[in-house]
Amino acid sequence: MRTQELASLNYITETFVKELPIMKEIRQELESDQLLSMSVSPLEGALLNFLVQSHFQSQPQVQDTKAVEIGTLYGYSALWLAQALPEGGRLWTVEIDPERSQKARDFAQRAGLGERIEFVAGPAMEKLSEIEDQGPFDLVFIDADKAAYMDYLRWADRNLQPGGLIVGDNTFLFGAVYGHPTRSNFSSGKAVEVMKEFNSWLATSPHYQAIMLPTLEGMTVARKL
């Protein structure tokens with residue numbers, strides 16, 4: 001990315017993004033554990049928060065909002081999501097690594113948001129099938145194994161309310177979807193084809209209104225009609 005584009009994103013972040021103090025602590029721990037690149041950025045977190053708040057405030061008929069996050073890591077994006085949910089809303093967040101899930105739970109409790117979030121540890125598709133009876137859901141945020149995005153999308157499509165949102169992160173796949181990968185492990189292979197299919201499916205489906213937001217790593221947003 002050009003220096004001017006990075007500078008513009010930094011300016012937006014410094015001007016508009018207001019993190020909880022514990023969010024900065026989470027990012028510091030992710031950086032210490034060399035996992036920061038796997039998390040949404042502060043700008044992406046704030047954008048996700050804004051999208052969710054705006055969407056549900058425009059739909060006051062939605063009661064007891066239910067959201068799902070696929071890929072918890074240390075709970076950074078979960079806190080942005082939980083903040084955005086209307087009163088009485090609940091988030092189920094699925095993480096394959098039990099230690100990371102527990103760490104995220106601890107951060108959420110310290111943030112005062114633990115009562116809004118149900119932490120689910122284990123393989124994503126297995127655990128998603130176990131929570132289906134809690135649905136249908138109003139939001140599904142996808143930020144996990146890139147090669148499995150179509151599996152997550154099909155699950156979301158089956159379990160999403162009309163009017164609900166699907167949000168996929170990293171949908172540029174580090175430049176690979178448009179032929180300029182910045183990570184060698186995404187220069188070819190299944191993940192590239194899956195991510196292209198993911199974006200195309202939402203862009204062309206008559207059952208969704210969709211757009212990709214040009215964040216640093218791409219964020220695809222779709223509303224079920």
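**Salt bridges and a helix pair in a predicted model**

Q: Which residue does the side chain of Lys146 meet in a salt bridge?
A: The model is predicted. A salt bridge needs a side-chain nitrogen of Lys or Arg within 4 Å of a carboxyl oxygen of Asp or Glu. For Lys146, the N to O distance is 3.1 Å. The partner that supplies the oxygen is Asp143.

Q: Is Lys146 buried or exposed?
A: Buried means under 20% relative accessible area. Lys146 has a relative accessible area of 11%, so this residue is buried.

Q: What is the relative accessible area of Asp143, the partner of Lys146?
A: Asp143 joins Lys146 in the salt bridge. Asp143 also counts as buried, because its relative accessible area is 10%.

Q: How many salt bridges are there by this rule?
A: Side chains of opposite charge can pair when their charged atoms come close. The rule asks for nitrogen and oxygen within 4 Å. By this rule, the count of salt bridges is twelve.

Q: Which residue forms a salt bridge with Arg27?
A: The closest N and O atoms of this pair are 2.7 Å apart. Arg27 is partly exposed, at 23% relative accessible area.

Q: How many residues apart are Lys103 and Glu29?
A: Lys103 forms a salt bridge with Glu29, with the closest N and O atoms 2.6 Å apart. The pair links distant parts of the chain. Lys103 is in helix α5 (residues 98-111), and Glu29 is in helix α2 (residues 21-32).

Q: Which residues are linked with Lys127 in a network of salt bridges?
A: Here the salt bridges form a network. Lys127 is linked there with Glu126 and Glu130.

Q: Are helices α6 and α7 roughly parallel or roughly antiparallel?
A: Helix α6 (residues 124-131) packs with helix α7 (residues 149-159), their axes 11 Å apart. The angle is about 5°. Angles under 35 degrees count as roughly parallel. Therefore the relation of α6 to α7 is roughly parallel.

Q: How many nonpolar residues are in the contact of α6 with α7?
A: From α6 come Ala124, Met125, Leu128, Ser129 and Ile131. They meet Asp151, Tyr152 and Trp155 in α7. By class, one residue is polar and one is charged. The number of nonpolar residues is six.

Methods. Residues numbered from 1 in each chain as written. Predicted model: local features only at pLDDT ≥ 70, side-chain atom pairs only at ≥ 80, totals over all residues. Heavy atoms only, no water. Buried < 20%, exposed > 50% of the residue type's maximum accessible area, 1.4 Å probe, protein only. Helix = DSSP H or I, 4+ residues; strand = E, 2+ residues; numbered from the N terminus. Axes fitted to C-alpha atoms, helices over the stretch in contact; angles between N-to-C directions. Parallel < 35°, antiparallel > 145°, perpendicular 65-115°, else oblique. Contact = heavy atoms within 4.5 Å. Nonpolar A, V, L, I, M, F, W, Y, C, P; charged D, E, K, R; others polar.
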